[in-house]
Amino acid sequence: MSNIVKETVSFKTDMTKLCVENNEISKIIKSKDEKYTVRVYSDKKIGIASAIGKYDKNELFRKAKSLLDYNISYRAEPTENITKTVDLSDSLNMTDEYLIKTTSEAMNLIGKNHPEFLLSGHIKFLKTDTVLKNDRNTLLNYLDNTIDFYLEYKCKYSKDGPFYVDRKRGYNSHDFYGNLSKFCDSHAVKSEIEDGSVMPVIFLIYPPLAFRRLFGFFYRELDGEEYGEGMSAFCSKKGQKVFGENFSLYVSRDSGESYACFFDGEGTTLENDRHMFVENGIFKSPYSGKVIAKKYKLPLTSSASLNYKSLPRTEFSPVFVKSSGKTLEDLLDGRKSIIMMEDGGGLFTSKGHYSTPVILSYLYDGEKILGRLPQLSVSSNVFDMFGKDFIGVPSNTVFGGTYMQTVVTKMKVNITGTHT
Amino acid sequence: MKYTYPEDLYTDVRIENVFETSITYSMDEIKECNEMSYSGAFIRIYDGKRWYCSSVSDISDIQSKIDTLSKLTDKNPKIAENKIYGKLLPHKDKCIVYSENNVSKIDLAEKAKMVLELSSAPKQNKLINSWDCFYRDKYVLKEFYSSKGADLNFDIQYCDTGCWFALSEMKKNIRGSYRKQSKEYFTDISEIKKSIEEEINVYRDFMLNAEPIKPGKYTVIFGPYAAGTFAHECFGHKSESDYLMNEEARKNWVLGKKISIDGLSIIDNGEIIMPYDDEGNKTQATYLIKNGILSGQLHNSNSAAFFDMEPTGNARAMTYEFEPIVRMTATYIDAGNSNKTLKQLIEETDEGIFIENIYQGNSSTTFTITPRICYYINDGKICKPILVSSVSANIWEALMNVSDIANEFVLNDGYCGKIDQSGLYTLSGGASIKVKEMGVR
């Protein structure tokens with residue numbers, strides 16, 4: 001065999017997870033793991049072998065090499081001649097004792113000041129160390145320590161309560177409690193709006209699920225293969241203004257902003273860590289990994305999935321809408337708006353129409369959350385939502401972090417039920 | 001005992017020995033061909049107040065992990081009196097179902113050849129721009145041991161094949177798919193190939209002729225595949241008892257209350273998937289609704305202790321890396337004594353929507369389904385395909401508005417998400433049902 005290139009990807013994780021049930025830490029889970037992949041490239045073919053935990057590198061290499069006989073197609077070259085390390089692990093370091101103490105303090109504050117709320121879910125402190133290296137002088141290493149939150153509020157007097165999803169590189173009980181209590185105070189108040197209003201709707205978006213909902217149209221129509229095959233709604237629109245001038249959509253590999261690895265599953269990095277898909281309303285390019293980019297002569301957008309088990313696939317993440325630079329209060333300019341806390345999962349149709357039930361939302365005046373709203377539905381069309389009706393992404397967020405994006409657009413709102 | 005357990009505590013060990021395969025052909029080229037074997041374990045120790053857990057990928061580390069975790073606990077000489085401890089039963093059993101027909105015994109090359117043969121179905125259709133044919137399998141041999149004396153060995157297996165395709169014609173395009181699942185390897189794929197061809201025609205018709213629906217309230221008929229999502233999303237998640245450990249959520253949950261028509265039964269049956277759950281408790285068929293009456297809920301040891309009920313074998317973890325939580329297994333609408341066909345349900349509908357299959361569903365007090373292929377019914381006939389963003393209703397109202405049930409039954413596999421455990425293998429399905437007054441947009 002000629003010209004065999006060996007590439008390895010290793011994923012090391014060290015996790016402490018606290019499971020919370022009804023404001024109490026019910027479980028403490030610790031794990032430390034390594035997942036490892038060997039890729040072998042030769043003559044536009046690839047072989048992959050993976051392992052978890054203990055492994056024999058030579059055995060994995062032999063297995064990956066044997067899979068070249070299956071002629072698994074991979075018509076792109078491995079990344080070459082780049083060495084870079086991004087180490088954000090110093091931004092957050094804590095002991096298990098601190099994690100438990102801080103969480104217990106915040107839960108006690110909730111229990112004392114908002115006894116009608118019970119929180120359940122988990123808080124996870126995760127250390128990651130990801131390395132991609134190959135025989136073509138590539139060595140990419142990303143280290144990070146983050147704390148992930150997934151908490152549901154169960155309210156004693158209502159069926160649906162808010163939830164809190166976030167990722168940060170810092171943790172103290174007062175900030176944490178402060179974020180949680182914003183909604184606790186307002187949840188008790190029942191607010192009303194007029195049926196059929198057109199008003200600003202504030203979407204709180206966290207990856208990966210919401211990418212397929214609010215960004216679902218882009219997820220589908222900006223896919224490089226869809227575009228290359230002539231099936232995308234953007235096919236004849238390169239360089240054209242399709243959305244509002246204040247709307248720009250991009251992939252960010254700035255680990256400080258996106259909490260994502262600075263390289264994708266193929267080792268592709270980006271100049272300035274960004275690639276624009278839509279810039280000031282003008283459609284620029286679809287998203288693609290190496291194979292699709294080469295096949296259809298598209299820009300390489302660092303959009304290949306990074307996992308230990310399979311070939312990199314085209315992936316629409318991590319994606320952001322460019323900030324307006326203005327605060328939420330400035331963007332809303334006195335208008336009352338709806339914070340969409342939990343939607344019912346509606347998707348875009350092929351023609352771009354979007355409609356979703358809203359299970360839980362709050363009325364917001366730009367400074368304060370006024371109260372919770374009855375069950376609603378919201379509807380619009382993608383070209384209006386990100387066109388004439390697009391209000392923007394604020395520089396501040398409702399929860400104060402960067403992981404959960406806040407996107408504001410005007411939509412038609414209908415009342416479909418009572419307060420839950 | 002396989003391990004040495006600390007005194008005055010409860011300890012269990014769940015080991016998973018996994019084999020899995022993944023093959024994809026895309027436009028005549030093999031894009032993925034991979035098989036993998038690994039083992040891992042999840043260890044739990046309970047002191048009566050809190051669980052201390054760890055996952056390990058080296059199973060020779062299990063004993064040292066037990067020893068380390070136990071140092072974090074508060075020993076409890078009265079652990080045997082604890083309610084949760086009492087719900088964790090020391091079953092001893094060996095149920096190996098897949099020794100002869102184990103997918104790990106089938107050569108990778110043979111599986112790749114099967115997928116190549118399957119790909120002749122989309123390849124011959126000139127309207128298809130792109131296609132992928134795939135095959136996945138997973139075999140898991142589970143071992144479970146506990147300080148109470150549990151000693152279990154059982155296995156689970158599932159296989160999945162099919163095709164994703166993209167069609168275009170007359171400047172319109174659509175993406176569709178066909179999947180076939182089984183607990184055993186596919187030795188004869190002629191029927192699968194025929195079904196792929198039929199499904200391509202369904203999507204072609206939809207692509208060329210679908211029009212947007214006028215939003216409003218409609219009678220909706222859920223075909224057998226869509227009915228499974230109704231059972232899973234509308235009601236299954238609601239019956240997971242960890243959601244019911246909230247006073248407000250329990251207000252509507254009164255066992256014995258009539259919540260739907262006579263003849264509607266929704267069952268969750270773990271025996272279809274595995275004999276024991278991931279806490280070592282036996283799985284069972286649990287009636288969530290029986291003949292219109294609210295009859296049961298799904299438990300793990302924790303919720304069973306909270307509600308003073310027995311565990312139902314619904315403690316499941318996605319992989320060895322995760323803790324078991326209350327999850328569904330195979331959740332379906334039982335056809336019961338219905339003697340009506342789906343065709344009759346449609347013929348008896350003046351105006352409505354027929355949902356053949358769906359993209360996704362989810363639920364809270366309102367549940368929402370996003371249909372994929374659906375049709376408008378007028379005067380008892382399916383007359384045209386329609387574009388629908390969402391179909392939704394309040395769960396309790398939807399159950400009371402079930403007006404009829406047909407007797408065709410299909411069980412379909414899928415993957416369920418809950419908190420950070422997304423992708424758990426489940427089954428859903430059932431008899432077709434007709435539901436009045438659903439919000440369609």
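This is a predicted model: local features need pLDDT of at least 70, side-chain atom pairs count only at pLDDT 80 or more; totals for chains, interfaces and linings use all residues.
**Entry 1: where the chains meet**

I began with the contact between the two chains. Chain A puts 67 residues into the contact, and chain B puts in 56 residues. Next I looked up the area. The size of an interface is often given as the accessible area lost when the parts come together. For chain A and chain B, the buried area is about 5,400 Å². Carbon and sulfur atoms give 46% of that area.

How many salt bridges run between chain A and chain B? I found a count of nine between them. One that I looked up pairs Lys54(A) with Asp58(B), and the closest N and O atoms there are 3.3 Å apart.

Another salt bridge brings together the side chains of Lys309(A) and Glu20(B), at 2.7 Å from N to O. Lys309(A) is in the loop between α7 (290-296) and β12 (319-321) of chain A, while Glu20(B) is in strand β1 of chain B, so this pair joins two chains. Are the two partners buried or exposed? Lys309(A) has a relative accessible area of 32%, so I wrote it down as partly exposed. Glu20(B) comes out at 9% relative accessibility, so it goes down as buried.

I also noted a network here. Lys17(A), Lys124(A), Glu323(B) and Asp420(B) are joined into one by salt bridges that share partners.

Over all chains, the count comes to 48 salt bridges.

I reminded myself of the background: an α-helix has 3.6 residues a turn, so residues three or four places apart point the same way. Arg62(A) is partly exposed at 46% relative accessibility, and Glu59(A) is partly exposed at 37%.

The other links Lys27(A) with Glu21(A), and its closest N and O atoms are 3.9 Å apart. Lys27(A) is buried, with a relative accessible area of 10%. Glu21(A) has 26%, so I put it down as partly exposed.

**Entry 2: aromatic rings**

Then I turned to the rings. There are 52 aromatic pairs over all chains. Phe234(A) is in the loop between α5 (224-228) and β9 (249-252) of chain A, and Phe283(A) is in strand β11 (residues 282-283). The two are 49 residues apart, so to speak a link between distant parts of the chain. Both Phe234(A) and Phe283(A) are buried.

I checked a second pair, Phe247(A) and Phe386(A). Its centres are 4.7 Å apart and its planes are at 40°, so this pair is tilted.

The charged end of Lys6(A) is over the ring of Phe61(A), 5.2 Å from its centre. In chain B, the charged end of Lys418(B) is over the ring of Tyr243(B), at 4.8 Å from the centre.

**Entry 3: one helix and one residue**

Which residues of helix α3 (residues 108-118) of chain B are buried? I listed Leu108(B), Lys111(B), Ala112(B), Met114(B), Val115(B) and Leu118(B). Seen down the axis of α3(B), they fall within an arc of 155°, so they line one face of the helix. They pack against several elements of chain B, among them β1 (10-26), β2 (29-46) and α5 (190-209).

Last, I looked up Thr130(A), which is in strand β5 (residues 117-134) of chain A. Thr130(A) is buried at 9% relative accessibility. Leaving aside residues up to four places away in sequence, Thr130(A) touches residues including Ser10(A), Phe11(A), Tyr142(A) and Leu306(A).

Notes
Residues are numbered from 1 along each chain as its sequence is written. Chains are lettered from A and ligands numbered from 1 in the order in which they are written. Side-chain values use heavy atoms; hydrogens and water are left out. Buried means under 20% relative accessible area, exposed over 50%, partly exposed in between (1.4 Å probe, protein chains only). Helices (H or I, at least four residues) and strands (E, at least two) are DSSP runs, numbered from the N terminus. The arc is that of the directions from the helix axis to the C-beta atoms. Contact means heavy atoms within 4.5 Å. Rings of Phe, Tyr and Trp (its six-membered ring) pair if their centres lie within 6.5 Å; planes under 30 degrees apart count as stacked, over 60 as edge-to-face and the rest as tilted. A charge sits over a ring if NZ of Lys or CZ of Arg is within 6 Å of the ring centre and within 35 degrees of the ring normal. Buried area is the accessible area (1.4 Å probe) that two parts lose on being put together, summed over both. A salt bridge is a side-chain nitrogen of Lys or Arg within 4 Å of a carboxyl oxygen of Asp or Glu.
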